[in-house]
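Below are some notes on the model, for reading alongside the coordinates.

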Amino acid sequence: MTSVPFAGPAAASSLPGLGLFAGSLAAYLWLVRSQAPLPVRMALAALLALGPSMVEFFRAAWWSLSFHSLFVSLFGAHGLLYGAPLLWAGFVGLISLRRENPGLVRLALAALVPGALALLLSTDQLAITNRAATWIPFLLPGMAQCFEKARAFAARRPERVIAGAGGLLVLWNLLFMEQYRLRLLPSDDTVSFAQVTSNSAGLLSRAVGTPFAWPLNWIFAWRFDTSPDRWDAVADRRLFTDKRNAVATIEFGDDASPFAPDTPLLLEGFGDRRTCERGWCRDVEGEGRLLLPLQDAGRSDLTIRLRARGQGVLRFSLDETSTSVTELTEALSEVALRVPGRFVRAGVNVLSLSVAGGGRATLDRLTLERVPSPSSAR
Amino acid sequence: MAASIALGVLTFDLILIVVTGGLSILTPSLKPSPAAFAAREALLALALVARLRMLASEDRRISAGRLMLVLAIFPALFHLRFIGRRITGDAVYYYVYTRSMVRDADVDFANEYEHYDLLKRGDFSMPTDTGHRRSIYSVGPGLLWTPFFVAADGLNSVLGAMGLEVNTSGYGPLHINAVALGSFAYGVLALFLIHALLRRHFGDRLAGGAVLLLWWASFFEWYLVEQPLTSHPLSVLLVATFFLLRQNQALSTSPGSLALGLILGVGMSVRWQNGVYLLLPSVDLLAAAFRREALSGIIRRGLLLGAGVLVGILPQMLAWKAIYGQYLLAYPPHGADFLRLDRPFLLNTLFSSRHGLLSWTPVFWLCLLGLIPLTRRNPRRFAILWTPLLIMTYVNACSGDWWSGGAYSNRRFDSLLPVFALGLAAFLQSANGFLRRHPSTLLAALVIGGAAWNLTFVRAVQREEVRAGDSHSLAARSLAAARALSHDIGFPTTWPASWIFAARYDASPGAFDLAAGKYLFYRQNNLNGIADLGEADDGGLILEGFSGARQDGPITYRAVDSAARLIVSLDLPETLGVSFRARSSNGAPAIVEISINGKAVGSVQAQADWEEVRIEAPQRLWARGPNIMTLRASSSIQLDRVSFARPER
């Protein structure tokens, strides 16, 4: 169960989260040993699992229910199975444990099913680890069972385990070869192995997606017609960082580092970062698409302001619903699009841009602003 | 019979597609796409499995180990056809031998160099004493590729007779593809020979697995499919043949001794360092003498071995005679200082990020570790393998460019692949037994892996490489986590060299990656004496005390608040003029005291504006390899670059 305290930096530094986990562990042990009837214990397990989500529900400034929330809570970059992939062993182990110890499995399911379903709830609080901390102990028997099976397999067929380890060495080599071939590394100089690791991870996740996010990243890639690696950086991102924020900004090209916040949002059509007037920008040649991960959708209208310059007519639209058509100017200026709240999806939206006649628009900044919708004002 | 014909047609079709770049007898009017090529491969693979395994009688059935190797050929062939490069790097210098020998019946490369626009290059522009153009490359690969070049000529004639447009110059893609495919075939044959070598000791499947792992997890795959026109596939083939002959007691008969010598001689014509393997039959003959075998027989076999070697290296001697006017060269044609046996760069050769053997291709760790149980198991048979291993490692570490130029991993260890294969098979065998006895090791590995995945990211957040709440791509997360890991304990494939580096220079082991192997002046891709701070690639120069990169108009720089350390590597300690382009941060002049390797050099003054200030650092302060330059500033300064000037020669 070491994966839980290590389930991410937030968990590692969150004493309440660890306390909740430790308390739940004790409660789980009591439930397992208790002589109370199974239905009672199952009900208590469900309550324990739902507890943190219910607390969060009552504390939240807003809430919504969506499958997107469930998926990113499990498979997003801060998701449980992404951050602690060993938890998979808990789920897999429960399947093989169902005949050997059905009572234990029922007790586990009584906590896991409502606990996982509660992840459908999306709020302004970002406390996935806390919300899962009370039901993760119920994965213990499954995990133990899975580990025992793996141990027995290793004793019975060690050559297959070794073949798997050899496969990792082959993968390391093939990815290293590929980045060397693509000249992502200097051909005759020292290199940073951190960079090598990053390049390899990039090649792998672009080609087949991050394994810890399968199959959600494949579905994401198919849905947005992009590579599966986008899932990691976009799926559980919130442009409006908390409930107090009415404005979110994307600065194009300002950050040159590999951690630049704008890069993962850019789909096709965007150029490299370049200087413009006194800052940094990116060009859109002809047509481009931009991902906008939004939560708390539909509560208010959204005004999208684009600071851009260029020649010709710029057309941009959100999810092909609301559209703005504006003549670009030589100097940077703002063009705006107001999107009614009902057209804004909870989750990832797509902003499409096109410049008439295949021209070029230079983008400096995108500002998203929540504005009360006329209907809510009434 | 019909199945054999079908197999033959499919095989011929694939070969034709690779050589011609798209001509197929199955679809003459259609150039096969990658998918169509893959489909043909899949069909052939299925046919081979059916023919050689499922439908074959038990006594003629291909073994599982060999079948694994056969099936692994197909993805490699796909890479060779659609992705692999041809005339890049060293390839041109080996290929000109083939063309010149077949087309011109000489080794005068003037016309070939002119074709490849190399004749103006300094070392090729001047003829040698014999009027030829020099080559530092061996003749063996070019010579052994000639059958494929000639076959391409034959194919060209057939295509020409069919009315197709052909290129008869010998520079065209058809000839180059044919030679590349030939080199690929030599390499694949080498793998089967290594498998045969291993089978006797480890059984068919384990041997197959070891060969497969060595093939796909080492630099061999690169030189088989990405840069096939190099000496490496052939070198491995000849060394593998040598080992197999030796294992089959070739030295106990006269013809066998001659064959062993011939293979070794040809191997030396391919890669000169293969001469190290002369040690093995020499020791075998000495052992025979100790066993009191008939002296006349030993002498006869020794002479035949020597004769074979002489015949084998004759092409190289003739080539040198033609090019340089001497049958044997006193020094490598690279120059007298290319091999410096008193100056080994052992840790760098094995662990540096500049093509270190173990750091780039960690599978060789398993090979080395496996040699230990192998030697223990049968010291009389296998202990001798350590001798070529140590000698070749030492020689490679003493090469002027110990990083093997623009190589993938340290390719110069190619001649040791059969030795490494034996070690790898022994390792896999030991690991198999260990895991059977201690299956919980798997669980430990899983937990350590899971914890490492998280802990490295936690450390990245603590080190402020990334913010905890931000979402990042796997590439960005891996970069942050691997940086944190490298900073804390060094990148695992650089262990223990990065720890030694850290202890010696009181630095993070992560600094080893970029600093070890980056020179101020030495050989290609050096810094030209300039440590340009603030540039994207200055990571190999700074240890600590510098700010992040900053920009002032066109000037990129880093600030030093009080003390900072730079690391610069020299091959030769000498007196250097050191110039600092700097300015003070607060407008008032700042005094900067300079020391090198802990010894004071003097001080310079940084003014309010960018200025270059100079100081001389005498030879006695410098050391070979990395040197630490410490700057202690009286107040904050900004440093654009440090330039090192050698004395006028």
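Predicted model: local features only at pLDDT ≥ 70, side-chain atom pairs only at ≥ 80, totals over all residues.

1. In chain B, Ile530(B) stands opposite Ser643(B), which belongs to strand 10 of chain B. The pairing behind this is antiparallel: three bridges link strand 1 (residues 530-532) of chain B with strand 10 (residues 637-645) of chain B.

2. Other partners of strand 10. Strand 4 (residues 555-570) of chain B also pairs with strand 10 of chain B, in the antiparallel sense and over three bridges. Here Val560(B) has Ile637(B) as its bridge partner. Strand 5 (residues 576-584) of chain B is antiparallel to strand 10 of chain B as well, with eight bridges between them. In that pairing, Arg583(B) stands opposite Gln638(B).

3. Geometry of a helix in chain A. Helix 2 (residues 15-33) of chain A has 19 residues, which at 1.5 Å a residue should span 27 Å; the end C-alpha atoms are 27 Å apart, so the two values agree.

4. Which residues of helix 2 of chain A are buried, and how are they placed around the axis? The buried residues are Gly17(A), Leu20(A), Phe21(A), Ser24(A), Tyr28(A) and Leu31(A). They lie on the same side of helix 2 of chain A, because the arc they cover around the axis is only 100 degrees.

5. The contact between chains. Chain A supplies 56 residues and chain B supplies 61 residues. On the side of chain B that touches chain A, the elements giving two or more residues are helix 10 (204-217), helix 11 (220-226), helix 21 (417-437), helix 22 (440-462), helix 23 (474-489) and helix 25 (511-515) of chain B. Helix 22 of chain B gives the most, with 12 residues. Sorted by class, this side of chain B has 31 nonpolar, 23 polar and seven charged residues.

6. Confidence. The average pLDDT of chain B is 94, and 100% of its residues score at least 70. For the model, ipTM is 0.96 and pTM is 0.94.

Methods
Residues numbered from 1 in each chain as written. Chains lettered and ligands numbered in written order. Contact = placed C-beta atoms within 7 Å. Helix = DSSP H or I, 4+ residues; strand = E, 2+ residues; numbered from the N terminus. Nonpolar A, V, L, I, M, F, W, Y, C, P; charged D, E, K, R; others polar. pLDDT = per-residue confidence, 0-100. Pairing = 2+ DSSP bridges. Expected span 1.5 Å × (residues − 1). Buried ≥ 20, exposed ≤ 12 C-beta atoms within 10 Å, placed from the backbone. Arc of directions from axis to C-beta.
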